[in-house]
Amino acid sequence: MQRKPKLVQAFAQLNAAVMDPEGEVDLGFRRLIGHVASKASGCLYCQAHTLLGAHNFGVSEEKLADVWQYSTSPLFTEKEKLALDFALAAASQPNAVTNELFEHMKQHWTDGQIVEILGVVAMFGFLNRWNDSMATPLEDVPNEIAVKTAGQRTWNAGKHLR
């Protein structure tokens with residue numbers, strides 16, 4: 001991406017807006033939204049980085065480990081589960097957001113919060129395609145947290161291994 005400085009600058013502005021610390025949605029939870037969206041796309045690079053980001057913004061190790069089964073985890077609130085369902089549906093191809101799901105979101109999240117959540121999903125749509133297509137090499141620290149978070153499951157960074 002560095003070969004196109006205007007692209008890097010535009011992405012940096014998008015990232016700053018989507019991950020604005022003054023937003024209404026918790027910064028750690030925004031990273032979990034990115035994680036679920038990245039899982040839908042299959043981008044292991046972004047899955048590892050979103051786990052690291054969530055960890056860095058205070059999400060517990062237990063919650064990180066349970067994000068793989070958030071829908072049945074007692075560590076996630078119903079409101080969080082709904083947002084993660086929405087993120088998964090929005091990141092799916094074809095898009096799986098239904099009128100019913102959107103209306104359910106509006107019962108638990110404000111319009112501003114929904115925009116923030118969808119902003120995360122949309123930004124990771126770009127990142128997932130970029131990093132997976134470029135087979136961006138995964139750095140050691142995000143790989144380590146992904147290995148740790150996987151627990152009994154096996155983590156393999158696939159084409160992102162150095």
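## Helix packing

H2 crosses H7 in a right-handed sense (right-handed if the near helix is turned clockwise from the far one by less than a right angle, left-handed if anticlockwise). This is a predicted model: local features need pLDDT of at least 70, side-chain atom pairs count only at pLDDT 80 or more, and totals for chains, interfaces and linings use all residues. Residues are numbered from 1 along each chain as its sequence is written, and side-chain values use heavy atoms, without hydrogens and water.

Helix H2 spans residues 27-41 and helix H7 residues 111-134; they pack at about 45 degrees, with axes 8 Å apart. That makes H2 oblique to H7 (angles under 35 degrees count as roughly parallel, over 145 as roughly antiparallel, 65 to 115 as roughly perpendicular and the rest as oblique).

## The H2-H7 contact

From H2, Arg30, Ile33, Gly34, Ala37, Ser38 and Ser41 take part. They meet Glu116, Ile117, Val120, Val121, Phe124, Asn128, Arg129 and Asp132 of H7 (contact means heavy atoms within 4.5 Å). The contact residues divide into six nonpolar, four polar and four charged.

Helix H8 covers residues 140-150, and Pro142, Ile145, Ala146, Thr149 and Ala150 are buried in it (under 20% relative accessible area; exposed is over 50%, partly exposed in between, with a 1.4 Å probe and protein chains only). Seen down the axis of H8, these residues fall within an arc of 135 degrees, so they line one face. Their cover includes helix H3 (44-56) and helix H4 (61-66).

On the other side of H8, Asp140, Glu144 and Lys148 are exposed. Just after H8, glycine 151 has a positive phi of about 60 degrees.

How values were computed
Axes fitted to C-alpha atoms, helices over the stretch in contact; angles between N-to-C directions. Helix = DSSP H or I, 4+ residues; strand = E, 2+ residues; numbered from the N terminus. Nonpolar A, V, L, I, M, F, W, Y, C, P; charged D, E, K, R; others polar. Arc of directions from axis to C-beta.
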